[in-house]
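Hello,

Here is the structure I promised to pass on. Please open it next to these notes.

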Amino acid sequence: AMDREALMQAVQMRMSERRFTHVLGVEETAVALAKRFGGSIEKASIAALVHDYAKERTDEEFQLAIEQGPYENKTELLKYGNAIWHGLVGAYFVAQELTITDEEILDAIRLHTTGAAEMSLLAKIIYVADYIEPGRKFPGVEDARVIAFNDLDQAVAFETKHTLLHLIEGENLIYPKTLETYNRWVCGLE
Ligand code: DGI
Ligand code: FE
Ligand code: FE
Ligand code: FE
């Protein structure tokens, strides 16, 4: 397996300096959340470093991976775009090219944009760290930071609600999993 330095290099080569700075911010935050909530610090570090690994791939690369891969509802998935593909399908590139086999890490990458009704501690940490890392600047991010270190589930709910409000305001297509996340974590659907 690749050590942290090798992973950092492989990730840095695949993205802009600005996005790599974001990745390092997510790592710092994910490690802090893992310490706060008793998660694996090593897994938090690895998952954060690779979470946006595939974000700068072309649509053609994602479309080919979807056509050749084991995804359900491929026809529907192909109607979305980079925002939905870079985590869900990006996990495949992470597994193939960075030889990461830990299913909990791969799942945290798959879910990092949309969340899910069922999320491991690691998946929640990555979902929230991505939203509150030090480079993020939007109205409400300070509230999200306070909530996150107080109650991680509440931070998942806060992030999901505000992301959905933002997506709807822009008349963006909502991926069904995003709605499942909302129903579970904001409305408490069991
Ligand atoms: O990759 P990052 O920019 O660090 O952050 P991200 O992976 O959490 O989110 C990428 C984008 O995806 C962000 O602008 C919000 C958007 N997004 C989240 N859920 C949905 C979505 N976009 C659409 N169209 N539909 C969704 O359900
Ligand atoms: Fe992302
Ligand atoms: Fe996010
Ligand atoms: Fe990110």
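How far does a polar side-chain atom of Lys55 lie from an oxygen atom of ligand 1? The distance is 2.7 Å. A polar contact here is a pair of N or O atoms within 3.5 Å; within protein, one must be able to donate a hydrogen and the other to accept it, and residues adjacent in sequence count only if both atoms are side-chain atoms.

Some ground rules before the rest. This is a predicted model, where local features need pLDDT of at least 70, side-chain atom pairs count only at pLDDT 80 or more, and totals for chains, interfaces and linings use all residues. Residues are numbered from 1 along each chain as its sequence is written, chains are lettered from A and ligands numbered from 1 in the order in which they are written, and side-chain values use heavy atoms, with hydrogens and water left out.

Ligand 1

The side chain of His112 places an N or O atom 3.0 Å from an oxygen atom of the ligand. Tyr175 uses a backbone N or O atom, at 2.9 Å. Taken alone, ligand 1 exposes 580 Å², and the protein buries 77% of that. Areas come from the Shrake-Rupley method with a 1.4 Å probe; for residues, only the protein chains shown count as cover. There are 15 residues around ligand 1, and Lys55, Thr113, Arg136, Leu173 and Thr178 come nearest. Being around it requires a heavy atom within 4 Å.

The iron ions

Donors are N, O and S atoms within 2.8 Å of the metal (3.2 Å for Na, K and Ca); water is not among the atoms, so sites may look incomplete.

Start with ligand 4. This iron ion is coordinated by His22 (NE2), His51 (NE2), Asp52 (OD) and Asp130 (OD), at 2.2 Å. The donor spacing in sequence is H-x28-H-D-x77-D. Helices are DSSP runs (H or I, at least four residues), numbered from the N terminus. Asp52 is buried at 4% relative accessible area, and Asp130 at 10%. Buried means under 20%, exposed over 50%, partly exposed in between (1.4 Å probe, protein chains only).

Asp52 also coordinates the iron ion ligand 2, which is 3.5 Å from ligand 4. The donors of ligand 2 are Asp52 (OD), His86 (NE2) and His112 (NE2), at 2.1 Å. His86 sits in helix H6 (residues 82–88), while His112 is in the loop between helix H8 (103–110) and H9, 26 residues apart. His86 is buried, at 3%. So is His112, at 1%. A further iron ion, ligand 3, is 5.5 Å from ligand 2.

The largest nonpolar core has 58 residues, of which Val50, Val89, Ile100 and Val128 touch the most other members. Such a core is a set of buried Ala, Val, Leu, Ile, Met, Phe, Trp, Tyr and Cys residues joined through side-chain atoms within 4.5 Å. H9 gives the largest share, 9 residues.

Thr181 is in helix H12 (residues 176–185). Its relative accessibility is 0%, so Thr181 counts as buried. A polar atom of its side chain lies 2.9 Å from the backbone nitrogen of Ala116.

Best wishes

Key:
Helices (H or I, at least four residues) and strands (E, at least two) are DSSP runs, numbered from the N terminus.
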